[in-house]
Amino acid sequence: MMVFHECSKQLYMWMNKQPHVKEESLTDWLLYAVSERCPQIYYQTFSRHEEAENGCDWEWWILTSDQYETWKYNAYRFLVQAKKLYSHNRDNYSLLTYGNRNGAQIDLLMQEAMRRNALPLYMYYSVEKSEINEQIKNNSWLDEETFRWCDTCVNGGYLSLAQEVYKMLYDVPRHKLSAVELLNHAVKLSLVDLIFKNNSEQIMSYFNQMIIEKYSKYYMQKTRNEGKYWNIDKAAGVAGIKHSGSGIPDYLRVFLQGQGEKKDWFEKEMRIPHIGGMGIIDLR
């Protein structure tokens with residue numbers, strides 16, 4: 001199954017042919033396309049989109065079977081902010097430091113992720129080409145073999161940890177952030193297909209532990225947010241971005257009971273948090 005390979009390639013072709021396509025259109029198409037190509041992926045759009053309050057476009061969940069059979073399943077939570085990057089060596093600094101009366105968008109995104117025990121991510125759309133050797137150097141949490149798996153794949157979509165974006169914005173002197181530099185600190189969207197090919201629970205559990213160890217200390221010391229980062233309370237069903245048992249929100253449970261069916265009443269009745277929509281990759 002190479003769902004994200006094909007969709008990321010289509011994003012590239014679309015932007016290359018129509019450079020002025022909006023990031024909202026790209027996101028809407030991507031969510032529709034991956035769900036149409038794979039029955040394990042489904043999503044729900046919401047009419048209320050208060051990105052200005054929390055910096056988040058979408059909430060994504062990856063569901064896996066619990067390898068120890070303690071819970072029915074595990075759910076890993078992500079908050080995603082989409083950005084269409086400027087090309088032709090233009091500066092993307094202002095794009096990523098964008099803010100309003102509620103604060104800088106990246107701060108709002110990371111604060112909301114802390115509150116929800118989620119991993120904040122940026123989804124980049126770009127026709128620029130990343131440099132694989134730089135990606136390998138800048139993303140030490142992934143092995144070289146993983147990057148080489150997608151060495152020649154065409155991608156219009158990339159994923160970046162918000163914490164890494166924060167470092168480039170605030171931990172070094174102000175400088176021009178080209179699309180290539182940002183992509184070199186990100187990973188190709190096509191790599192998401194790996195979770196379909198291997199032991200998904202093992203991959204996600206390892207990833208969760210890596211995130212807890214690598215970023216909790218940094219987050220508390222370096223960002224302008226206050227309070228501790230991800231909770232680690234397994235009795236309550238929460239450990240980092242991993243949610244199980246009582247740690248899984250009611251609205252996700254209800255949505256899964258309907259097997260991803262679109263429900264007109266769902267958003268209002270379940271009091272969905274301020275997000276543009278919810279996507280689920282069900283690997284149980």
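Predicted model: local features only at pLDDT ≥ 70, side-chain atom pairs only at ≥ 80, totals over all residues.

User: How many bridges join strand 6 to strand 7, and which residue stands opposite Leu 161?

Analyst: Strand 6 (residues 119-125) and strand 7 run antiparallel, and the bridges that join them number five. Within this pairing, the residue that stands opposite Leu 161 of strand 7 is Leu 121.

User: What is the bridge partner of Leu 159 in strand 8?

Analyst: Strand 7 is also joined to strand 8 (residues 187-188), by two bridges, and these strands run antiparallel. In strand 8, the partner of Leu 159 is Val 187.

User: What share of the chain is buried?

Analyst: The chain holds 13 helices and twelve strands. Among its contacts with a separation of 6 or more, 77% are between residues 24 or more positions apart. The chain exposes about 13,600 Å², of which carbon and sulfur atoms supply 48%. Of the 284 residues in the chain, the buried share is 58%.

User: Which helix gives the most to the lining of the largest pocket?

Analyst: The largest pocket has a volume of about 1,000 Å³, and 39 residues line it, with Trp 141, Leu 191, Val 192, Ile 195 and Phe 207 nearest its centre. By class, this lining has 30 nonpolar, six polar and three charged residues. With five residues, the helix that gives the most to the lining is helix 11 (residues 200-222).

User: How much space lies in the second largest pocket, and which elements give two or more residues to its lining?

Analyst: The second largest pocket holds about 380 Å³ of space. It is lined by 16 residues, of which Pro 19, Lys 84, Leu 85, Tyr 86 and Ser 87 are the closest to its centre. The elements that give two or more residues to this lining are helix 1 (3-17), helix 2 (23-37) and strand 3 (74-84).

User: How many charged residues does the lining of the second largest pocket have?

Analyst: By class, the lining of the second largest pocket has seven nonpolar and four polar residues. The remaining class in this lining is the charged one, and its count is five.

Conventions:
Residues numbered from 1 in each chain as written. Heavy atoms only, no water. 1 Å grid on protein atoms, 1.4 Å probe; cavity = no way out; pocket = protein on both sides within 12 Å on 5 of 7 lines; lining within 4 Å. Points joined across faces, edges and corners; volume = space filled by probe spheres on them. Helix = DSSP H or I, 4+ residues; strand = E, 2+ residues; numbered from the N terminus. Nonpolar A, V, L, I, M, F, W, Y, C, P; charged D, E, K, R; others polar. Pairing = 2+ DSSP bridges. Buried < 20%, exposed > 50% of the residue type's maximum accessible area, 1.4 Å probe, protein only. Contact = heavy atoms within 4.5 Å. Areas by Shrake-Rupley, 256 points an atom, 1.4 Å probe, with all protein chains shown as cover.
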